[in-house]
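Colleague: I am new to this one and would like to know what the words used for it rest on. Could we go through them in turn?

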Amino acid sequence: MGQLDEARFEALIGAGCTKCSSKVLEIRTFLDRRLLIMLADPNDAGRWVHDGEKFVDGTYRITCASCSTVVFEDESCPRCNAVGGLERALEDTSRLAIPKRCPGCNEIELLALALVAAKAKSGAGTPKPEPLAEFGEPGHHTVAFACESCDAAVVTQKCPLCDATGPLRPRP
Ligand SMILES: [Zn+2]
Ligand SMILES: [Zn+2]
Ligand SMILES: [Zn+2]
């Protein structure tokens with residue numbers, strides 16, 4: 001489990017800002033994003049593929065959207081809970097490089113799965129996350145890539161966010 005379970009997350013969001021009582025909070029989290037890669041460059045903007053449990057699991061900061069009061073913050077790695085890992089997750093670029101061609105069959109198109117820093121506002125309905133980093137920027141970490149032509153797949157064996165050695169904790 002991450003730093004928050006769903007019950008605590010819901011309680012924090014339901015309570016709103018502890019200072020100004022605003023109900024709109026900004027949530028920062030790391031979310032799963034799928035991208036189509038051609039010759040090692042993204043061919044599309046990618047799309048989110050997380051669910052609600054993963055949204056909660058990756059949460060590392062919650063602040064008031066009006067007055068910026070911090071209502072929750074944790075400095076450990078949002079993926080593996082390593083002490084101080086958040087800083088590396090936000091400041092480092094991806095450590096898993098995607099090759100120009102599939103190592104198995106030379107195909108130029110690969111699918112990538114990344115964990116990407118994102119922000120979303122609480123309020124009515126499901127939060128709509130905005131990425132805080134694009135492919136290649138700090139905070140955008142490739143977890144795996146795969147080829148649909150030959151089924152070759154490469155998955156990072158370390159923590160994709162902070163580079164700590166595995167095994168990684170399970171995610172919900
Ligand atoms: Zn506030
Ligand atoms: Zn980590
Ligand atoms: Zn292939």
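Modeller: Asp-163 lies in the segment after β9 (153-155). The model is predicted, and in it Asp-163 has a positive phi of about 75 degrees although it is not a glycine.

Colleague: Why is Asp-163 called partly exposed?

Modeller: A residue counts as buried with 20 or more other C-beta atoms within 10 Å, and as exposed with 12 or fewer. Asp-163 has 17 within 10 Å, which is in between, so Asp-163 is partly exposed.

Colleague: What makes Asn-106 exposed?

Modeller: Asn-106 has 11 other C-beta atoms within 10 Å, and exposed means 12 or fewer, so the word applies. Asn-106 sits in the loop between α3 (85-91) and β6 (109-121). Asn-106 also has a positive phi of about 75 degrees without being a glycine.

Colleague: What share of the residues in the protein is buried?

Modeller: Buried residues are 32% of the 172.

Colleague: How do you know that the radius of gyration agrees with a compact globule?

Modeller: For 172 residues a compact globule would have a radius near 16 Å; the protein has 17 Å, so the two agree. The C-alpha atoms fill a box of roughly 55 × 30 × 25 Å along the principal axes.

Colleague: Which pattern does the protein follow along the sequence?

Modeller: The pattern reads α-β-β-β-α-β-β-α-β-β-β-β, with 3 helices and 9 strands. Of the contacts between residues at least 6 apart in sequence, 67% join residues at least 24 apart.

Technical notes:
Residues numbered from 1 in each chain as written. Chains lettered and ligands numbered in written order. Predicted model: local features only at pLDDT ≥ 70, side-chain atom pairs only at ≥ 80, totals over all residues. Helix = DSSP H or I, 4+ residues; strand = E, 2+ residues; numbered from the N terminus. Rg over C-alpha atoms; globule rule 2.2 N^0.38 Å. Contact = placed C-beta atoms within 7 Å.
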